[in-house]
Amino acid sequence: MKVICVALFLVFTFVAPSFADPKPLGFELGKASYSQMASKYEMVKEKPLPGMDVDVYEINPKSTGLRYIEKVTAIFNKKSLLMSVIMIYPRTYFDSLYRQLVSKYKVIYSHLPVVGTKYVRFIDGNTVIILKQPYLKYTTTVIYVRKKLLVPPR
């Protein structure tokens, strides 16, 4: 009986959390609702994305409590479930964001030239995390997106 209890404890401690998707801004993609996020953050509805049946909201960056963040966008499906979070940081934060993300998630694609656009794609459960620093732009973008919302490359 003790062996079964110990085994169940180990399963729920180490295996169960691995089935959860990432929680950007403290809300799990695919499970958090608009009303949950709106109760915590100041959100303003934006123009819809062409060709997609989703609702787009801008979150006041100051309400997130994250330092140096310039812009935050949340995308919800028509059932009001969080499907994507897009965060814009200054260009200089690429390396620190990369170190944080690589310690948490599995890298599935990496392109890190000395000069040029840096792009890294991570995966965790049903979520893809994209870290991008376009060449000659002054921003670094982190995108958390559910796989089913992600548009395949052409």
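A search of the whole structure, which is a predicted model, identifies 8 aromatic pairs, a pair being counted where the ring centres of Phe, Tyr or Trp (its six-membered ring) lie within 6.5 Å. Planes under 30 degrees apart are classed as stacked, those over 60 as edge-to-face and the rest as tilted. Phenylalanine 27 and tyrosine 41 form an edge-to-face pair, with 6.1 Å from centre to centre and 70° between the planes. This pair links distant parts of the chain, 14 residues apart: phenylalanine 27 lies in the loop between α1 (2-15) and α2 (34-40), and tyrosine 41 in the loop between α2 and β1 (43-45). Phenylalanine 27 and tyrosine 41 are both buried (under 20% relative accessible area, with exposed meaning over 50% and partly exposed in between; 1.4 Å probe, protein chains only).

The pair of tyrosine 68 and tyrosine 93 is stacked, because the ring centres are 5.0 Å apart and the planes stand at 25°. Tyrosine 68 belongs to the loop between α3 (61-64) and β3 (71-77), and tyrosine 93 to the loop between β4 (82-90) and α4 (94-104), so the pair ties together parts 25 residues apart in sequence. Tyrosine 68 is partly exposed, at a relative accessible area of 44%; tyrosine 93 also counts as partly exposed, at 24% relative accessibility.

The protein chain contains 4 helices and 8 strands, assigned as DSSP runs (H or I of at least four residues for helices, E of at least two for strands) and numbered from the N terminus. The 8 strands form an open sheet in the order β1-β2-β3-β4-β8-β7-β6-β5, with antiparallel pairing; two strands pair if DSSP finds at least two bridges between them. β1 and β5 (106-111) stand at the edges with a single partner strand each, so one side of each lacks a neighbour in the sheet. β5 pairs with β6 (residues 118-124) in the antiparallel sense over 5 bridges, and lysine 106 stands opposite isoleucine 123 in β6.

Of the 154 residues of the protein chain, 38% count as buried. Among contacts (heavy atoms within 4.5 Å) with a separation of 6 or more, 39% involve residues 24 or more positions apart.

Residues are numbered from 1 along each chain as its sequence is written, and side-chain values use heavy atoms, leaving out hydrogens and water. In this predicted model, local features need pLDDT of at least 70 and side-chain atom pairs count only at pLDDT 80 or more, whereas totals for chains, interfaces and linings use all residues.
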